[in-house]
Amino acid sequence: MNPVSNVSFDDTAVAFSSKSDAELYKMYLLFKTMNNNTLVKVGGKLLNTAINLHLPVKLIIKPTVFSHFCGGETIEESERAIKQLSAYNIGTILDYSVEGEGNEKSFDATLTELLRTVEKARGNKAIPFSVFKVTGLIDIKLLEKVQSGAQLTAAEQTAFARGRERVNTICKRCFEADVRVFVDAEESWIQDTIDNLTYEMMELYNKEKAIVYNTYQLYRHDRLDVLKRDYENAVAKNYYLGGKLVRGAYMEKERKRASEAGYQSPINPTKNASDELFDNAVRFCVEHIDRIALCAGTHNEQSCYLLMELMNKYNIARNDERIYFAQLFGMSDNLSYNLANAGYNVAKYVPYGPVREVMPYLLRRANENTAIAGQSSREFTLINKEMQRRKKFKS
């Protein structure tokens, strides 16, 4: 018998073990709503309008969609989610999801908050990773200009140096606190700049083990080649490569920009191509686990089974610290809870921040659930299955 075959992502008793009947019914209503594409699109537009008009949307949003997908408005408010996940051996990745205003004051404020997440994670087994976006610390137009190779003005050089120092401050603090940190991937026209900053941080802080992780969006057709190149560089420069593998988050934007600017889209032509590339990247990481630490950020059941099978094939312990599974808070609990229940390392991205500032994130989550083929339907079906199971259990 295959040791991974006893893990079923259809086991709703485990998947929703942390949820009361009332909480489960609340999830049922939420995903039933998100199953309606038209309702999500119209609702999103109405919410944006309400926010722009400064209407009191918080009263509606916070107890519903916000409380499901976010930990709270502050780190302190997120403590309940951290403890709840930890009780089921699932780690928390505190994700400050406020999109900055693009000025130095905003970047410094974001840095201060990110350092608070690192301190919260210091010595805390319930929080195995920190995370940040470089665009929260450096102006996106400046990142794009650096990537284009254009000459920077003296002021821009100074601004970029300040931004680089913010990145270094976070990574250095993580190194000192022994907290691993993900550098999130972003749009292709700034990703090379982000990558180069990340490699610099890895060379500084990954000498003994992976502290800094780069993020690879495998819906891009070149990312497996980049991952292999990064591995070779890590070997040559004698540091460990941290790799967080995801499928990606900017597909529509990427394709639109490529079409308008007349260059080849960096996105794979089909979902199957992205799935194949993701799985091949997982294989490569496991085959080179002596030098690569892997976090598989995926909501795809087959990719999870693949990683479990590879770990079994190469005799890698389920709780080996070099391998983590990760999902978003409020999504795919059937993966997270069943993996953790089987002894694998699992963490959830737990976004937090003021309701109004986190709305762009929430709207993306709602749109992704409707855009990903069958995601809302899958969540809704599993919730409904668990509700029926509990009815039979009580009858």
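Two residues are in contact when they have heavy atoms within 4.5 Å. Among contacts in this protein between residues at least 6 apart in sequence, 77% join residues at least 24 apart. The model is a predicted one, with local features needing pLDDT of at least 70 and side-chain atom pairs counting only at pLDDT 80 or more, while totals for chains, interfaces and linings use all residues. Residues are numbered from 1 along each chain as its sequence is written, and side-chain values use heavy atoms, with hydrogens and water left out.

Now for the overall make-up. The protein has 16 helices and eight strands, taken as DSSP runs numbered from the N terminus (helices: H or I, at least four residues; strands: E, at least two). Of its 395 residues, 54% count as buried. Here buried means under 20% relative accessible area, exposed means over 50%, and partly exposed is in between (1.4 Å probe, protein chains only).

What about the inside? In soluble globular proteins, nonpolar side chains tend to be buried together. A nonpolar core is a set of buried Ala, Val, Leu, Ile, Met, Phe, Trp, Tyr and Cys residues joined through side-chain atoms within 4.5 Å. The largest one holds 83 residues, and F132 and L245 touch the most other members. Helix α9 (residues 188-205) gives this core its largest share, eight residues. Another core, of 38 residues, lies apart from it and includes A15, A347, Y349 and I383. Leaving out residues up to four places away in sequence, L245 touches a whole list of partners, among them Y216, L227, F278, V282 and C295.

Helix α9 itself is mostly covered, with 13 of its 18 residues buried. From first C-alpha to last, α9 reaches 25 Å, close to the 26 Å expected at 1.5 Å a residue; that expected span is 1.5 Å times one less than the number of residues.

D178 is partly exposed, with a relative accessible area of 48%. Setting aside neighbours within four places in sequence, D178 is in contact with K209 and I211. D178 and F129 sit 49 residues apart in sequence, and their C-alpha atoms are 9.6 Å apart in space.
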